[in-house]
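Please read each one with the structure open beside it.

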Amino acid sequence: MREMFAEDRERLKELGVGAMDKSARSQARQARRVRERLANSAALTVLLIAAGITVAALAVIILYVLIHGAPSISPRFIFTWPHGVNAEGGIWPTIVSTIYVTALAMLIATPIAVLAAVYLAEYARQGRIVTIIRFAADSLASVPSIVMGLFGLAFFVDAFHLPMSMLAAALALALLMLPIIMRATEEAIRAVPRYIRWGSYGLGATKWQTVSKVVLPWAMPRIITGLVLAMGRAIGETAVVFYTMGMAINMPLTPLDSGRSMAVHLYMLAVDGINLKAAYGTALMLMIIILVLNSLAHLIQRRYRKVR
């Protein structure tokens, strides 16, 4: 009997210990869940604060330029020429020059950058040469604009005897845009799922047919994003255009004509204090042009997504 009672006591102790272990494990799981929820809430709060700061900074800049520049905006300001010592009048030649040189730089940089990205992503063997090419592209993207402007002046204007013109400025801007477009295009191509390529190969398509007809259209929305980023940098560049295109108030007709971009015009008006009212109006028009171009790029992205 004593042995039976002893065995029963031992079983009761084991059951009690097991219940305590289960209760401790349950409490540990609950504490871990609470810590995870607190960590998630803290991370979400930090992300919301960062996003709010970004949006607030953009809103402040836009409102500041809008408040100071809106009174200057009028058909006369947009479609007439600047004149007089205080640069009175409009900014029409600067608008044309800005769009002209940016479009010309895009025509030069985009085919080279896209083809280079296709080679790196689809054809090149990953090794030392590809690493060197990517390092060179990243280094080119980090070159200061003033250095690129001086290089454009020394190389395109002095060495090749090009006049200070749209062509010289477009070539210098293309060097700045090239790494941005190339890296964005390469990442967009690498993001295309492998099964898309396998399906094309399964239907008997060649490598080039797969790349040109399947991969590039699929990656086009991200490629357009890279083009917009490069275009925005080209429109806002001052030093490169100043040293290679000049600052003459001309209406450019051919690529060898000179001109003055909106960024250079804004710089001259603001730094010299000639006409701050026109400077704010030029800044607002520059923002409007960038917004219109971004909206067009967004519409093209939506079109490609629907087709895909």
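1. A term comes before the details: helices here are DSSP runs of H or I with at least four residues, and they are numbered from the N terminus. By that rule, Glu122 is found in helix H3, which covers residues 92-123. Please keep in mind that this is a predicted model.

2. Overall make-up. The protein has eleven helices and two strands. Along the sequence these follow the pattern α-α-β-β-α-α-α-α-α-α-α-α-α. The protein has 308 residues, and 35% of them count as buried. Taking contacts between residues at least 6 apart in sequence, 73% join residues at least 24 apart.

3. Glu122. The side chain of Glu122 makes a polar contact of 2.6 Å with the side chain of Arg197. A polar contact of 3.3 Å also joins the side chain of Glu122 to that of Lys207. With neighbours within four places in sequence left aside, the residues in contact with Glu122 are Ile189, Arg197, Lys207, Val211 and Val215.

4. Empty space in general. Rolling a probe the size of a water molecule over the atoms shows where empty space is left. The next points take the pockets and then the cavity.

5. The largest pocket. Its volume is about 190 Å³. Which elements give two or more residues to its lining? They are helix H1 (2-69) and helix H11 (276-307). H11 gives the most, with six residues. The lining consists of Leu58, Ile61, Ile62, Leu66, Leu284, Met287, Ile288, Ile290, Leu291 and Asn294. By class, nine of the lining residues are nonpolar, one is polar and none is charged. Domain 1 (2-72) and domain 2 (75-305) each supply at least three residues to this lining.

6. The second largest pocket. This pocket holds about 160 Å³ of space. At least two lining residues come from each of helix H8 (207-236) and H11. H8 has the largest share, five residues. The residues that line the pocket are Met106, Met220, Ile224, Leu227, Val228, Met231, Leu293, Leu296, Ala297 and Ile300. How many of the lining residues are nonpolar? The count is ten nonpolar, with no polar and no charged residues. A student can note that H11 contributes to the lining of the largest pocket and to that of the second largest pocket.

7. The cavity. The structure holds one cavity of 30 Å³ or more, and the space in the largest cavity is about 30 Å³. Its lining is made up of Thr98, Val101, Thr102, Leu173, Ala234, Ile235, Glu237, Val241 and Ser261. By class, the lining has five nonpolar, three polar and one charged residues.

8. Glu237. This residue is part of the lining of the largest cavity. Glu237 counts as buried because its relative accessibility is 9%, against a cut-off of under 20%. Leaving aside neighbours within four places in sequence, Glu237 is in contact with Ser145, Leu173, Leu176, Ser261 and Ala263. Of these contacts, Leu173 and Ser261 are among the residues that line the cavity. Glu237 and Val264 are 27 residues apart in sequence, and their C-alpha atoms are 8.2 Å apart in space.

9. His161. This residue lies in the loop between helix H5 (145-159) and helix H6 (166-190). The phi of His161 is near 60°, a positive value in a residue other than glycine. Most residues other than glycine have a negative phi. Is His161 buried or exposed? His161 counts as exposed because its relative accessibility is 67%, and exposed means over 50%.

How values were computed. Residues are numbered from 1 along each chain as its sequence is written. This is a predicted model: local features need pLDDT of at least 70, side-chain atom pairs count only at pLDDT 80 or more; totals for chains, interfaces and linings use all residues. Side-chain values use heavy atoms; hydrogens and water are left out. On a 1 Å grid over the protein atoms alone, a cavity is a set of points where a 1.4 Å probe fits but cannot get out, and a pocket is an open set with protein on both sides within 12 Å along at least five of seven lines; lining residues have an atom within 4 Å of a point. Grid points are joined across faces, edges and corners, and a volume is the space filled by probe spheres set on the points. Ala, Val, Leu, Ile, Met, Phe, Trp, Tyr, Cys and Pro count as nonpolar, Asp, Glu, Lys and Arg as charged, and the others, Gly among them, as polar. Domain bounds come from an automatic or database domain assignment. A polar contact is a pair of N or O atoms within 3.5 Å; within protein, one must be able to donate a hydrogen and the other to accept it, and residues adjacent in sequence count only if both atoms are side-chain atoms. Contact means heavy atoms within 4.5 Å. Buried means under 20% relative accessible area, exposed over 50%, partly exposed in between (1.4 Å probe, protein chains only).
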